[in-house]
Amino acid sequence: MAVPKEIVRTGAGLASPGRSIRSRSPKATASHKRWLRRSFQWFDVCGFSGSWDLQDSITRSEGMKTESESSPTREPVAGARELATASPLERWIGRLLWLGAALGLGAFTGAAIVYSFRLLAYPIEWDAAEGLARFQLDLLSRGLSAYGDPSRLPAFIANYPPLYPMAAWPVRVLLGDGYLALRLVSVGATAGTAMMLAIAARRAGVGWRWAALAPLLFVAAPYGGWWLPLARVDSLALFFLVLAFLIARRPSLAAVAFVLAAFTRQTAVLGALGLALFYWQQRDRRGLVIFTGVTAVLGGGALAAMQWMTDGWFWSHAVSYNANLVYWKDVPRYLGGYLGTMAVAVLASVAAPTLPRSARTHEPLAYLLVPGVLNALLVGKVGAAVNYFLPLQAALAFTATVGLARLVGVARRGALPTWLLAAGAFLQMMLWVPHEQRFDGPPAGNTAAIERMEVLVASASGPVFLERHIGFALEAGREVSYLPMPFKMLELSGDSIDLSAFHDRIAQEQFEMMVVRRGESGVGEFLDPESQRLIREHYRPEEIWTIFDADLTAKQYNVLVRRAR
């Protein structure tokens with residue numbers, strides 16, 4: 001009887017119709033076995049001594065002819081774990097745990113989406129640095145440069161390159177709302193990053209249903225996910241950085257995306273190390289040369305143009321004034337706190353293929369772990385926050401998805417209890433629960449506080465100074481003369497800038513009203529000591545204004561008026 005052509009006979013039996021078995025050279029097969037042995041060493045540590053049975057099952061699933069297939073009578077490895085069918089109780093426990101994990105992931109994803117929509121409608125800054133981006137966008141809309149002499153009024157340090165407000169400017173023209181425009185760019189960039197993570201997971205060999213897990217892990221993790229829709233540069237910079245890794249096999253386009261990321265947020269330059277490692281690992285010297293050359297031409301040209309347009313001030317703002325001190329002793333505490341919420345994702349990432357089956361099928365996005373880890377190590381920098389974990393969060397979402405998909409495939413072949421994986425997925429959701437309040441967003445009680453400040457700013461007949469929440473002044477058409485937060489970061493790093501122009505305005509009582517944080521000094525959280533002294537001499541408290549901000553605690557501000565009033 002003739003065998004149909006579409007059926008291919010192998011040493012282990014018949015392959016499915018329409019499916020071909022890719023042959024491998026003995027050398028390639030031996031190399032792949034060595035990789036499998038290294039990749040699954042941790043199973044032996046956990047008590048799964050039958051590691052060769054596990055490796056053989058994976059090898060067969062990828063269409064490779066193994067020693068066990070050519071020699072069916074091979075004796076089992078001594079001490080191999082006997083595989084048994086799961087009991088009904090184990091199956092039910094596994095199903096309940098998977099259901100709990102799925103419901104938890106759905107709940108966190110829904111909370112992240114609702115939080116994003118609530119934040120889009122919020123009329124003032126939620127995080128302190130949103131005001132800086134809002135002011136930079138306002139200057140751009142008026143055709144003014146944010147990169148000037150910070151000792152002259154308006155005293156302002158633009159901590160970041162201009163690409164983010166430039167991307168938000170057309171949206172601002174259409175909608176007329178600065179915070180909404182900036183946050184829409186962040187939300188759009190987050191959605192784009194999530195889609196690219198799914199595409200990368202699909203290219204790594206997992207099905208679409210598993211690939212959809214990567215974007216959910218990225219946006220639903222509350223420790224860092226709440227930061228994504230803020231009016232800050234981080235989400236757009238991450239979008240360009242992930243894009244650079246996704247298209248790394250086209251080095252000229254990857255260089256363009258990388259330069260865009262670097263001119264959105266400076267720490268994106270660490271991505272060059274991950275991309276260079278990818279080209280070196282693939283022995284792609286031509287790709288590395290092209291990437292380096294295009295990056296040097298585009299990045300150097302853009303930097304020279306910015307220096308020329310700002311009379312040399314761009315480098316001072318974006319680099320010199322932003323090179324804050326790093327408290328390395330605080331890094332383990334911050335990093336441990338974040339990794340504690342992603343512990344199961346980290347473990348699942350261990351099972352992700354970190355070495356290529358071949359240079360053609362290796363997924364370059366895995367190398368995002370390099371800049372992700374390096375960014376996370378800088379979390380002790382003065383002024384740093386959870387935004388330094390976002391590249392690592394994107395990388396872990398990808399690697400954990402691929403690793404979990406592989407482990408589930410292994411479990412279905414009987415080499416690993418499925419309930420154990422279900423318990424891990426459920427535990428990951430439980431680790432997020434203590435941080436879910438991050439997705440609560442601005443409380444309803446802030447509405448009355450916002451209305452009160454709008455009345456106060458509108459009723460002032462002269463200039464108004466707000467230490468934070470400068471959106472009130474901008475929306476009322478009032479002048480913003482000084483944004484103190486970047487100057488405070490600079491002062492904490494041991495540097496300072498002459499602020500005598502601002503001090504003179506306080507001494508001359510040119511401000512009709514000043515709204516400053518009730519810190520330890522009672523007259524400002526970010527203000528320098530001289531400003532605090534002058535405010536005490538020339539202004540008196542009129543009332544206390546209270547509002548909640550991004551750390552979900554109530555902040556009190558002194559509303560001050562001139563003493564002569």
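Predicted model: local features only at pLDDT ≥ 70, side-chain atom pairs only at ≥ 80, totals over all residues.
Local features were kept only at pLDDT of at least 70 and side-chain atom pairs only at pLDDT 80 or more, while totals for chains, interfaces and linings use all residues. Residues are numbered from 1 along each chain as its sequence is written, and side-chain values use heavy atoms, leaving out hydrogens and water.

Let's start with the strands (DSSP runs of E, at least two residues, numbered from the N terminus, just as helices are runs of H or I of at least four). Strand β6 covers residues 554-562 and pairs with β4, residues 513-517, in the antiparallel sense over five bridges; pairing here takes at least two DSSP bridges between two strands. Within that pairing, V515 has V559 of β6 as its bridge partner. β6 also pairs with β5 (residues 539-548), again antiparallel, this time over nine bridges, and there Y539 sits opposite R562 of β6.

Now for the helices. The axes of α13 (residues 251-262) and α14 (residues 271-281) come within 11 Å and cross at roughly 170 degrees; axes are lines fitted to C-alpha atoms over the stretch in contact, with angles from 0 to 180 degrees between N-to-C directions. In contact terms (heavy atoms within 4.5 Å), P251, A254 and F258 of α13 meet G271, A272, L275 and Y279 of α14.
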